[in-house]
Amino acid sequence: MLLSNSGSALAQPQLVAKRVCINEVGRIISSGDRYLAVGSEICLGDKITPANGSKVKAVCYSSRQVLEFQQSAVFGVSGICTPPQFQAERRQCTPLNRDGCPKMKGPGENQDSLKLTTPYGNILLNTRPTISWHPIVNATSYTVEVTSYEFHWETEVKDTILPYPKERKELEYGAAYTITVTANKGDSPINFPGKLVVHVLPEGDVKQVLEQVNVIKKLGLSADEASFLELDIIYMSKGFLNETINSLKARVAAGSRNPTLFRVLGDRYLDAWLLDEAFREYKMAEWLAKSSGNSNELAQVQSRLKLMKSVSGTITDP
């Protein structure tokens with residue numbers, strides 16, 4: 001970074017040339033640093049210097065975390081922003097890491113129960129989430145219920161997707177809800193209902209994440225990279241799996257051919273216990289990595305495919 005002083009000896013240094021990272025390792029996403037502005041790339045070895053009483057937030061690309069600093073720190077020193085192994089990153093309960101699961105079976109593994117697909121995950125930002133599920137053979141309708149303490153609504157639909165009804169009261173911040181979907185044939189249920197318990201975080205946490213997301217969207221970054229780097233890290237720091245999957249899917253719909261984006265989308269589908277969807281995205285990431293000669297990305301996605309095949313005997317190449 002090149003700095004120059006104005007005419008006065010007491011004047012503060014002024015930035016006159018853009019600092020450039022050869023290999024950036026993160027990004028500043030809040031104000032509060034003495035020298036690094038919001039949106040600044042962080043290079044390995046850069047020092048975070050919070051102003052007196054300030055907190056500085058930054059995303060770390062390698063550990064995929066939002067870090068908060070109240071004291072000076074150097075990226076890459078003392079374990080700050082160091083990359084974990086893939087296995088360590090999969091520390092939460094997923095089909096590939098059942099040791100982290102509180103029960104023997106994962107979500108929706110009862111073969112006779114209906115499988116919900118959205119909302120993805122258990123932590124919600126949106127108070128009017130879309131509800132969807134896998135179809136059941138011979139079902140003529142589905143009953144959808146959303147319940148909580150002194151909260152209940154129920155409706156019957158023919159399709160396997162239900163945008164949150166406008167006439168229903170929205171979910172409240174800081175509350176937990178149970179979403180139940182039952183398949184019917186005529187007037188009778190024909191399987192065990194699918195259930196998903198979701199939590200809407202307190203409004204303060206939601207606003208904090210939305211502010212950070214708005215910072216990233218105003219920086220003019222590559223839409224693909226922002227989606228699988230900054231936005232994914234910010235959303236996942238609070239467990240907003242639904243938001244990050246939808247953000248990544250939007251880039252796919254826009255025509256992205258970036259193998260990293262498809263690989264990260266596969267990771268998030270695993271977090272949502274959607275094994276087939278994860279495998280599909282990994283295979284696309286593998287094909288794109290091969291086509292573009294991206295050997296680093298190819299190695300990463302093939303390690304995931306190998307792990308999937310070793311864990312699930314039902315996964316085979318199409």
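pLDDT is the predictor's confidence in each residue, on a scale from 0 to 100. The chain looked at here is a predicted model, in which local features need a pLDDT of at least 70, side-chain atom pairs count only at pLDDT 80 or more, and totals for chains, interfaces and linings use all residues. Residues are numbered from 1 along each chain as its sequence is written, and side-chain values use heavy atoms, with hydrogens and water left out. On average the chain reaches a pLDDT of 86, and 83% of the residues score at least 70. Residues 1-17 are another matter: pLDDT is below 50 there, and the stretch has 16 contacts (heavy atoms within 4.5 Å) beyond near neighbours in sequence. Over residues 86-90 pLDDT also stays under 50, and the model has twelve contacts for them beyond four places in sequence.

Now for the strands. Helices (H or I, at least four residues) and strands (E, at least two) are DSSP runs, numbered from the N terminus, and two strands pair if DSSP finds at least two bridges between them. Four strands form an open sheet in the order β4-β3-β6-β7, paired antiparallel. β4 (41-43) and β7 (65-69) sit at the edges with a single partner strand each, so one side of each has no neighbour in the sheet. Neighbouring strands are turned by 35 degrees against each other on average, direction ignored. β3 (residues 24-28) pairs with β4 over three bridges in the antiparallel sense, and R27 stands opposite E41 in β4.

On to the helices. Two packed helices are described by the angle between their axes and the distance between the axes. Axes are lines fitted to C-alpha atoms, for helices over the stretch in contact, and angles run from 0 to 180 degrees between N-to-C directions. Helix α5 (residues 259-271) packs against helix α6 (residues 275-292) at about 165 degrees, with the axes 8 Å apart. The two are therefore roughly antiparallel, the word for angles over 145 degrees. Among the residues that meet are F262, L265 and Y269 in α5 and Y282, M284 and L288 in α6. The residues of this contact divide into twelve nonpolar (Ala, Val, Leu, Ile, Met, Phe, Trp, Tyr, Cys and Pro), two polar (the others, Gly among them) and five charged (Asp, Glu, Lys and Arg).

α5 also meets helix α7 (residues 295-311): their axes come within 10 Å and cross at roughly 25 degrees. α5 and α7 are therefore roughly parallel, as angles under 35 degrees are called. Here P259, T260, R263, D267 and L270 in α5 meet E297, Q300, V301, R304 and M308 in α7, a contact of four nonpolar, two polar and four charged residues.

How values were computed. Angles under 35 degrees count as roughly parallel, over 145 as roughly antiparallel, 65 to 115 as roughly perpendicular and the rest as oblique.
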